[in-house]
Amino acid sequence: MNRRLPRLFLVTDSRVIQAPDFLERARSALDVGGSRCALQLRAHGLKGGPLWVIASRAAGFARQANAGLWINDRVDLALAVRADGVQLGDASLPTAEARSLVGAAAWIGRSVHGGAEARAVLDAGADVALLGHIYHTATHPAAEPLGVNALRAAGSSRPIVAIGGITPERIAEVMEAGAWGVAVLSGVWDADDPGAAVRRYVEALTAVSGEW
């Protein structure tokens with residue numbers, strides 16, 4: 001398992017993961033991102049069998065690129081493909097129960113929607129809190145964004161990953177507000193060349209945080 005916490009999470013959804021060329025595009029993105037990124041497989045509604053096929057292939061690509069692989073919600077699937085981490089939401093297993101299954105070596109992230117909630121899940125044993133959405137996003141077009149003050153409220157010394165409307169141009173703002181890293185969906189998967197898109201994010205992150 002990769003015990004290096006990435007600064008760039010490449011998050012999928014059901015639309016992205018079921019595209020015929022998804023694995024080819026994922027491989028291109030991971031080859032560029034390498035150890036600085038993790039592929040986070042999220043696919044609400046996709047059955048376990050098809051998701052396992054995708055995850056097992058993606059796990060091979062991630063290992064070859066020295067990148068991370070995280071699975072949303074499905075702790076069983078994360079164990080089956082030896083994923084580096086699991087990302088849990090409101091309806092997922094409690095952190096302690098998930099930890100008893102995945103062990104100390106795996107990362108556990110939790111999705112949160114406010115600074116106080118981020119602090120609470122980290123205090124309860126999560127390794128990282130995924131906080132959002134920070135900006136307006138097509139994924140949640142009717143929802144009011146939290147803004148970067150939510151990152152400041154979470155505490156700059158905590159491992160917080162910002163999600164929601166994150167573009168390379170916004171990297172400096174969210175990092176200066178206290179984010180450890182960022183999670184992106186459309187910024188990579190809706191690009192013609194996901195590898196080139198990842199390179200832009202990595203360059204923006206490096207400009208703020210230096211090499212990592």
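Asn66 sits in the loop between helix H3 (48-65) and strand S3. Helices (H or I, at least four residues) and strands (E, at least two) are DSSP runs, numbered from the N terminus. The model is a predicted one, in which local features need pLDDT of at least 70, side-chain atom pairs count only at pLDDT 80 or more, and totals for chains, interfaces and linings use all residues. Residues are numbered from 1 along each chain as its sequence is written, and side-chain values use heavy atoms, with hydrogens and water left out.

Backbone geometry is taken up at the start. Most residues other than glycine have a negative phi, and most peptide bonds are trans. Asn66 is not a glycine, yet its phi is positive, at about 60°. Asn66 counts as partly exposed because its relative accessibility is 47%. Here buried means under 20% relative accessible area, exposed means over 50%, and partly exposed lies in between (1.4 Å probe, protein chains only). Asp73 also is not a glycine and has a positive phi, of about 70°. Asp73 belongs to the loop between S3 and helix H4 (75-80). With a relative accessibility of 31%, Asp73 is partly exposed. A cis peptide bond links Gly132 to His133, with omega of about 5°. His133 lies in the loop between strand S6 (128-132) and helix H7 (149-154).

The next residues lie in strands. Asn72 is part of strand S3 (residues 68-72). Its relative accessible area is 10%, so Asn72 is buried. The side chains of Asn72 and Gln40 are joined by a polar contact of 2.8 Å. A polar contact is a pair of N or O atoms within 3.5 Å; within protein, one must be able to donate a hydrogen and the other to accept it, and residues adjacent in sequence count only if both atoms are side-chain atoms. Not counting residues up to four places away in sequence, Asn72 touches Gln40, Leu41, Arg42 and Gln87. Contact means heavy atoms within 4.5 Å.

Gln87 is found in strand S4 (residues 85-88). Gln87 is buried, because its relative accessible area is 2%. A polar contact of 3.1 Å connects the side chains of Gln87 and Ser111. Neighbours within four places in sequence aside, the contacts of Gln87 include Gln40, Trp70, Asn72, Asp73 and Leu130. Gln87 and Asp73 are 14 residues apart in sequence, and their C-alpha atoms are 5.9 Å apart in space.

Helix packing follows. Two packed helices are described by the angle between their axes and the distance between the axes. Helix H2 (residues 22-33) packs against helix H10 (residues 194-209) at an angle of about 30°, with the axes 7 Å apart. H2 is therefore roughly parallel to H10. Axes are lines fitted to C-alpha atoms, for helices over the stretch in contact, and angles run from 0 to 180 degrees between N-to-C directions. Angles under 35 degrees count as roughly parallel, over 145 as roughly antiparallel, 65 to 115 as roughly perpendicular and the rest as oblique. From H2, the contact is made by Arg25, Ser28, Ala29, Val32 and Gly33; from H10, by Pro194, Gly195, Val198 and Arg199. By class, this contact of H2 with H10 has four nonpolar, three polar and two charged residues. Ala, Val, Leu, Ile, Met, Phe, Trp, Tyr, Cys and Pro count as nonpolar, Asp, Glu, Lys and Arg as charged, and the others, Gly among them, as polar.

Gly195 of H10 is buried, with a relative accessibility of 2%. Leaving out residues up to four places away in sequence, Gly195 touches Ser28, Ala29 and Val32. Gly195 and Asp31 are 164 residues apart along the chain, and their C-alpha atoms are separated by 7.5 Å.

H2 also meets H3. Their axes come within 9 Å and cross at roughly 20°. This angle makes H2 roughly parallel to H3. Phe22, Leu23, Arg27, Leu30 and Asp31 of H2 are in contact with residues of H3, including Ile54, Arg57 and Phe61. By class, the contact of H2 with H3 has eight nonpolar, one polar and three charged residues.

Val188 lies in helix H9 (residues 186-189). At 0% relative accessibility, Val188 is buried. Apart from neighbours within four places in sequence, Val188 contacts Leu10, Arg25, Pro194, Ala197, Val198 and Tyr201. Val188 and Met175 are 13 residues apart in sequence and 19 Å apart in space, C-alpha to C-alpha.
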